[in-house]
Amino acid sequence: MIIVKLRGGLGNQMFQYALGRRIAHQLDTTLKLDLTSLLKTYDTAMVTNRDYQLDIFKLEPNFLVKPSLLIQFDKLGLNFISQFLKGIKLFGIKRYKEKTFTVEDWLINNPKDNTLYSGYWQSESYFEAAENELRKDFQFKDSLSTQAQELYNKITSVNAVCVHMRRGDYVNNHVFNSSSLDYFYNAAQHINQNTEKPHFFVFSDDPEWCLENVKFDQDFTVIDYQTNKIKFKEDLQLMASCQHFVMSASSFSWWAVWLSNKKGNIVVAPDPWFLNSDNDVRDLVSKDWIRL
């Protein structure tokens, strides 16, 4: 049995699931998803509380502990996580925590069964052997809303460029690179010089800011429709339907590119990916991408 700990937003959860899916497939064993950290409520501005978000896909999850039970424990204020980690050792399950941002080769060549894997695992090398299975698992489960379908029709009728402006928890953050407008304008200029009649579609967790501040010289559309909690799912689906990409330093951007699965596209990514960090991103950022 393979267990992967899920944490973070949708992009991070996809990386974590992808690692587990590949190892479970390689070892011909079951994969269980551990939500103990994900569904715990943290009362600090340093941590963004998240939900399980892989339910937007057709994959069939196998949870280590039912989410409803974890939520109940959290509401009661019970410290379930520490007790869980102690108890799991009794069943012969070892725990392995990611030690480096670069790929650990043994996890590809000789992964261990009966292990709980805790980390972010942000590299395609960790799951490319299970690409076919993951492309099936990461098919979107629900149809687009009427507004999103209209946008999809527009995107697929032009030479669409996805511009992802991650703001929110990235603004004034000393770790994550939120990128300046100059980065996005320079990226747009590069794409404009290397493709015909691009139309830029701006996706952001702060569309109001984008409407007020973003002005491309080329045709552009800021995606600002209101769909409550389904918007992040529809954003990812719409982003993946674009032909070219101007990324943020975000796993959400990364997966939009991967899901698009288009040949000959132009992808621009920020450099640096992290601010004030020694993390080596050579296994995360493709050599085929343009770094600006």
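Trainee: Which residue stands opposite His 164 in S6?

Mentor: Start with the general idea. Strands of a sheet pair through backbone hydrogen bonds, either parallel or antiparallel. Here, His 164 stands opposite Phe 203 in S6. Keep in mind that this is a predicted model.

Trainee: How many bridges do S5 and S6 pair over, and in which sense?

Mentor: Strand S5 covers residues 159-165, and strand S6 covers residues 198-204. They pair over 7 bridges, in the parallel sense.

Trainee: What is the strand order of the open sheet of 6 strands?

Mentor: Read across it as S7-S6-S5-S8-S9-S10. The pairing is parallel. Strand S7 (219-222) and strand S10 (290-291) are the edge strands, as each pairs on one side only. Helix H7, residues 181-194, packs on this sheet. H7 touches S5, S6, strand S8 (244-246), strand S9 (267-269) and S10. The direction of H7 makes about 160° with that of S8.

Trainee: Which strands does H10 lie across?

Mentor: H10 lies across S5, S8 and S9. It runs at about 175° to S8.

Trainee: Now the open sheet of 4 strands. What is its order?

Mentor: The order is S2-S1-S4-S3, with parallel pairing. Its edge strands are strand S2 (31-34) and S3, each pairing on one side only. From one strand to the next, the twist averages 25°. H1 packs on this sheet and touches S1, S2 and S4. The direction of H1 makes about 175° with that of S1.

Trainee: How many bridges join S4 to S1, and how many join S4 to S3?

Mentor: Strand S1 (residues 2-5) is joined to S4 by 3 bridges. Strand S3 (residues 94-97) is joined to S4 by 4 bridges. S1 and S4 run parallel, and so do S3 and S4. Now find some residue pairs. Ile 3 stands opposite Leu 116 in S4. Tyr 96 has Tyr 117 of S4 as its bridge partner. Lys 97 is partnered by Ser 118 of S4.

Trainee: Which residues of S4 point one way, and which the other?

Mentor: In S4 (residues 115-118), Thr 115 and Tyr 117 point one way. Leu 116 and Ser 118 point the other way. All four residues are buried.

Trainee: Let's turn to H1. What span does it reach, and what is expected?

Mentor: Helix H1 covers residues 10-27, which is 18 residues. From its first C-alpha to its last it reaches 26 Å. That is close to the 26 Å expected at 1.5 Å a residue. Asp 28 follows H1, and its phi is positive, near 55°.

Trainee: Why is H1 described as largely enclosed by the rest of the structure?

Mentor: Count its buried residues. Of the 18 residues of H1, 14 are buried, so the helix is largely enclosed by the rest of the structure.

Trainee: At what angle do H1 and H10 pack?

Mentor: Two packed helices are described by the angle between their axes and the distance between the axes. H1 and helix H10 (residues 251-260) pack at about 60°, with their axes 7 Å apart. The two helices are therefore oblique to each other. Their crossing is left-handed. H1 makes the contact through Leu 10, Gly 11, Asn 12, Met 14, Phe 15 and Ala 18. H10 contributes Ser 251, Phe 252, Trp 254, Trp 255 and Leu 259.

Trainee: Where does Asp 137 lie?

Mentor: Asp 137 lies in helix H5 (residues 131-137). With a relative accessible area of 11%, Asp 137 is buried. Leaving aside neighbours within four places in sequence, its contacts are Tyr 17, Arg 21, Phe 57, Lys 58 and Leu 59.

Trainee: Finally, the whole chain. How many helices and strands are there?

Mentor: The chain has 10 helices and 10 strands. Of its 292 residues, 49% count as buried. Take the contacts with a separation of 6 or more: residues 24 or more positions apart account for 66% of them.

Note on methods
Residues are numbered from 1 along each chain as its sequence is written. This is a predicted model: local features need pLDDT of at least 70, side-chain atom pairs count only at pLDDT 80 or more; totals for chains, interfaces and linings use all residues. Side-chain values use heavy atoms; hydrogens and water are left out. The expected span of a helix is 1.5 Å times one less than its number of residues. Buried means under 20% relative accessible area, exposed over 50%, partly exposed in between (1.4 Å probe, protein chains only). Two strands pair if DSSP finds at least two bridges between them. Axes are lines fitted to C-alpha atoms, for helices over the stretch in contact, and angles run from 0 to 180 degrees between N-to-C directions. Angles under 35 degrees count as roughly parallel, over 145 as roughly antiparallel, 65 to 115 as roughly perpendicular and the rest as oblique. A crossing is left-handed if the near helix is turned anticlockwise from the far one by less than a right angle, and right-handed if clockwise. Contact means heavy atoms within 4.5 Å.
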